[in-house]
Amino acid sequence: MERQLFPISNVLEIVVIVYVVQALNLTSRDIMSESDAYIVLSYGNRRVRDRAFYIPNQASPVFGRRFEMRGMLPRDQILHLSVYDRDFVSSDDLIGSTTIDIEDRFRSKHLPSFGLPKHYTSRGFNQWRHQLKPSEMLLKLCEQHGVEKPRIKGGKITVGGQEFGTDALPDATEECRTEQLCLLALHRFKHVANGFLLTPEHVETRSLYHPQRGGIEQ
């Protein structure tokens, strides 16, 4: 019988969406040109080798790639991301790698795994991605911090004695206006709960390291 490392009740299946925007100042592995860079991702039981979408002869290639990967927590804790130089004659060269602790981000109460956008959109390219809407997130936070339920009236929202308002989205649906107000309250929740901050939407920059170069950035 196969031994279970974690109790079934503690195992959580998650979907990790990774956006790789750009690499900056990559060290060339070629003598006469810049690198022909592409991405390799590993998480859970899946490995993606994005070699077909390499960027030719660029030191700062713009990838603009989106990857969706599934895993199980706490088993699949670390996501591995590497950048390779495609070679048409010999084997491809590793430029550098980095790792991301998925479980640490998922468990954090500051939501670094998501990053709050500035606007709520119900459809299109910027459609809201979190499984909870801003109103649901705000209600959950209020319960966790012992704050009374938010109240919305006349285009303003009151949370914990603090009132916030916005003139954004005047032509939006009632749902979008409500969610936008709740999103505004989430961004300003530090004024409600003694400096408690949620992670805003951002583009993260990470250094790449080569295993044969002793902790020096590529």
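A residue counts as buried when its relative accessible area is under 20%, and as exposed when that area is over 50%. Keep this cut-off at hand for the tour of this predicted model.

**Stop 1**

Select phenylalanine 189. Its relative accessibility is 0%, so phenylalanine 189 counts as buried.

**Stop 2: a tyrosine and a tryptophan**

How many aromatic pairs does the count come to? Four. Select tyrosine 120 and tryptophan 128 to see another pair: the ring centres are 5.6 Å apart and the planes stand at 45°, so this pair is tilted. Both tyrosine 120 and tryptophan 128 are buried.

**Stop 3: a charge over a ring**

Select phenylalanine 53, then show arginine 65. Arginine 65 lies over the face of the phenylalanine 53 ring, at 3.8 Å from the ring centre.

**Stop 4: the sheet of four strands**

Switch to a cartoon view. Four strands form an open sheet, and their order across it is E3-E2-E5-E6. The pairing in this sheet is antiparallel. In general, strands of a sheet pair through backbone hydrogen bonds, either parallel or antiparallel.

Which strands are at the edges? They are strand E3 (46-49) and strand E6 (93-101), each of which pairs on one side only. On average, neighbouring strands of this sheet are turned by 15° against each other, direction ignored.

Select strand E2 (residues 37-43) together with E3. Four bridges join E2 and E3, which run antiparallel.

**Stop 5: isoleucine 102**

Select helix H1, residues 102-107, and find isoleucine 102 in it. Is isoleucine 102 buried or exposed? Its relative accessibility is 11%, and because buried means under 20%, isoleucine 102 counts as buried.

Show the residues around isoleucine 102. Neighbours within four places in sequence aside, isoleucine 102 is in contact with Ile14, Val16, Tyr43, Gln77 and Leu79. Next, draw a distance line to methionine 72: isoleucine 102 and methionine 72 are 30 residues apart in sequence, and their C-alpha atoms are 10 Å apart in space.

**Stop 6: the sheet of three strands**

Move to the open sheet with the order E7-E8-E9, where three strands pair in antiparallel fashion. E7 and E9 are its edge strands, since each pairs on one side only. The twist from one strand to the next averages 25°.

Select E7 and E8. These strands run antiparallel and are joined by three bridges. Pick arginine 151 and look across to E8, where its bridge partner is threonine 158.

**Stop 7: helix H3**

Select residues 174-187, which make up helix H3. This helix has 14 residues and reaches 20 Å from its first C-alpha to its last, close to the 20 Å expected at 1.5 Å a residue.

Colour the buried residues of H3: Cys176, Glu179, Gln180, Leu181, Cys182, Leu183, Leu184, Ala185 and Leu186. An α-helix has 3.6 residues a turn, so residues three or four places apart point the same way.

What covers the buried residues of H3? The cover includes helix H2 (134-144). It also includes strand E7 (151-153), strand E8 (156-159) and strand E9 (162-165), the three strands of the open sheet at the previous stop.

Methods: Residues are numbered from 1 along each chain as its sequence is written. This is a predicted model: local features need pLDDT of at least 70, side-chain atom pairs count only at pLDDT 80 or more; totals for chains, interfaces and linings use all residues. Side-chain values use heavy atoms; hydrogens and water are left out. Helices (H or I, at least four residues) and strands (E, at least two) are DSSP runs, numbered from the N terminus. The expected span of a helix is 1.5 Å times one less than its number of residues. Buried means under 20% relative accessible area, exposed over 50%, partly exposed in between (1.4 Å probe, protein chains only). Contact means heavy atoms within 4.5 Å. Two strands pair if DSSP finds at least two bridges between them. Axes are lines fitted to C-alpha atoms, for helices over the stretch in contact, and angles run from 0 to 180 degrees between N-to-C directions. Rings of Phe, Tyr and Trp (its six-membered ring) pair if their centres lie within 6.5 Å; planes under 30 degrees apart count as stacked, over 60 as edge-to-face and the rest as tilted. A charge sits over a ring if NZ of Lys or CZ of Arg is within 6 Å of the ring centre and within 35 degrees of the ring normal.
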